[in-house]
Amino acid sequence: MKTLFSARTENHDEPDLVEHVQQPGGLVADNISAWFGDHKVLDRVSLSMAAGEVTALIGPSGCGKSTFLRILNRMHEMIPSASLFGEVRLDGDDIYAPSQRITSARRNIGMVFQKANPFPAMSIYDNTISGLKLAGIRATRAEKDLLVEDSLRKASLWDEVKDRLEQPGGGLSGGQQQRLCIARSLAVSPRVLLMDEPCSALDPTSTRRVEETIESLRGQVTVVIVTHNMQQAARVSSQCAFFLAAQNTPGVIVEYGATEAMFAHPQDDRTSDYVNGRFG
Ligand SMILES: Nc1ncnc2c1ncn2[C@@H]1O[C@H](COP(=O)(O)OP(=O)(O)OP(=O)(O)O)[C@@H](O)[C@H]1O
């Protein structure tokens with residue numbers, strides 16, 4: 001992913017024009033435990049998410065997949081009662097180290113939510129680049145034009161909206177709004193994109209478009225996606241982690257590996273039961 005724009009870095013007061021290239025990052029979660037108050041919801045979960053690959057997190061409701069995802073970009077700590085133990089490293093750098101700014105984690109590790117959340121009254125153009133200001137990135141109009149087109153193309157939305165970029169984002173269909181949110185995340189050139197059930201509110205056609213978008217991002221950004229849809233996990237991911245929380249116990253990863261192998265020859269009976277729809 002290569003984008004030309006000016007960046008205000010955390011160490012400089014003045015923006016300077018840089019050729020900004022962000023490669024996909026390898027993400028490692030090491031020994032993660034998490035709590036809401038004294039309710040422990042994850043127990044010593046470790047997972048490597050390979051750079052440029054798509055990793056799917058699957059498992060029944062309530063086993064801690066979304067909590068784990070939020071820990072990967074420091075959103076968990078926004079919940080007042082929430083706490084965690086363990087380490088998350090992006091290409092070896094601990095994102096929770098005291099020297100690391102939360103804004104830097106968010107910039108490098110973007111997130112797309114279950115429900116599309118564009119700014120409804122803001123134009124499609126401005127929605128796409130709305131993350132730049134927050135990320136401290138400045139760009140000229142010409143650079144923004146390039147970035148808007150590039151991001152909307154990556155999100156497979158450009159052809160549908162190129163003639164109405166000044167119209168409000170809220171006027172798009174649900175599926176288009178979700179792809180607009182993906183474009184908005186991509187515009188700040190993240191190294192990792194987290195997706196929390198991004199298709200659960202979409203019809204089959206929109207779901208297919210989002211899956212095509214995910215497929216096209218392979219190699220450009222590391223994707224971690226939570227999904228309840230086993231077919232979707234099989235279609236889009238190369239790696240898969242199966243989470244499970246047995247009754248009244250915190251969530252753990254039961255099995256992790258190449259998606260194809262996990263679906264064809266699961267090692268654990270519980271994985272087999274889940275991927276074959278026998279529970280959950
Ligand atoms: N904000 C919160 N406050 C208190 N408890 C929470 C909060 N968010 C989640 N939990 C609890 O943490 C546990 C894990 O929830 P989480 O949403 O991470 O699971 P999940 O596997 O993503 O579920 P789903 O597939 O239904 O989205 C559940 O017991 C849930 O009730």
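Mentor: Before we start, two strands pair if DSSP finds at least two bridges between them. And keep in mind that this is a predicted model.
Trainee: OK, how many bridges join S5 to S11?
Mentor: Four, and S5 and S11 (residues 222-226) run parallel. Val54 sits opposite Val223 in S11.
Trainee: And how does S5 run relative to S12, parallel or antiparallel?
Mentor: Parallel, with four bridges between S5 and S12 (residues 239-244). There, Ile58 is across from Phe242.
Trainee: Which way do the S5 residues point?
Mentor: Val54, Ala56 and Ile58 go one way, Thr55 and Leu57 the other. In a regular strand the side chains alternate between the two faces of the sheet.
Trainee: Are those S5 residues buried or exposed?
Mentor: Buried, on both sides. That's five of five for residues 54-58, so S5 is mostly covered.
Trainee: Switching topic: what's around the ligand?
Mentor: Phe36, Val41, Gly59, Ser61, Gly62, Cys63, Gly64, Lys65, Ser66, Thr67 and Ile79. By type, the shell has four nonpolar residues, six polar and one charged.
Trainee: Which element gives the most to that shell?
Mentor: H1, with three residues.
Trainee: Is H1 itself buried or exposed?
Mentor: All eight of the eight residues in H1 (residues 65-72) are buried, so the helix is largely enclosed by the rest of the structure. Among them are Lys65 and Arg70.
Trainee: What happens just after H1?
Mentor: Arg74 takes a positive phi there, about 65°.

Terms used
Residues are numbered from 1 along each chain as its sequence is written. This is a predicted model: local features need pLDDT of at least 70, side-chain atom pairs count only at pLDDT 80 or more; totals for chains, interfaces and linings use all residues. A residue is buried if 20 or more other C-beta atoms lie within 10 Å of its own, exposed if 12 or fewer, and partly exposed in between; C-beta atoms are placed from the backbone. Helices (H or I, at least four residues) and strands (E, at least two) are DSSP runs, numbered from the N terminus. A residue is near a molecule or strand if its C-beta atom, placed from the backbone, lies within 6 Å of it. Ala, Val, Leu, Ile, Met, Phe, Trp, Tyr, Cys and Pro count as nonpolar, Asp, Glu, Lys and Arg as charged, and the others, Gly among them, as polar.
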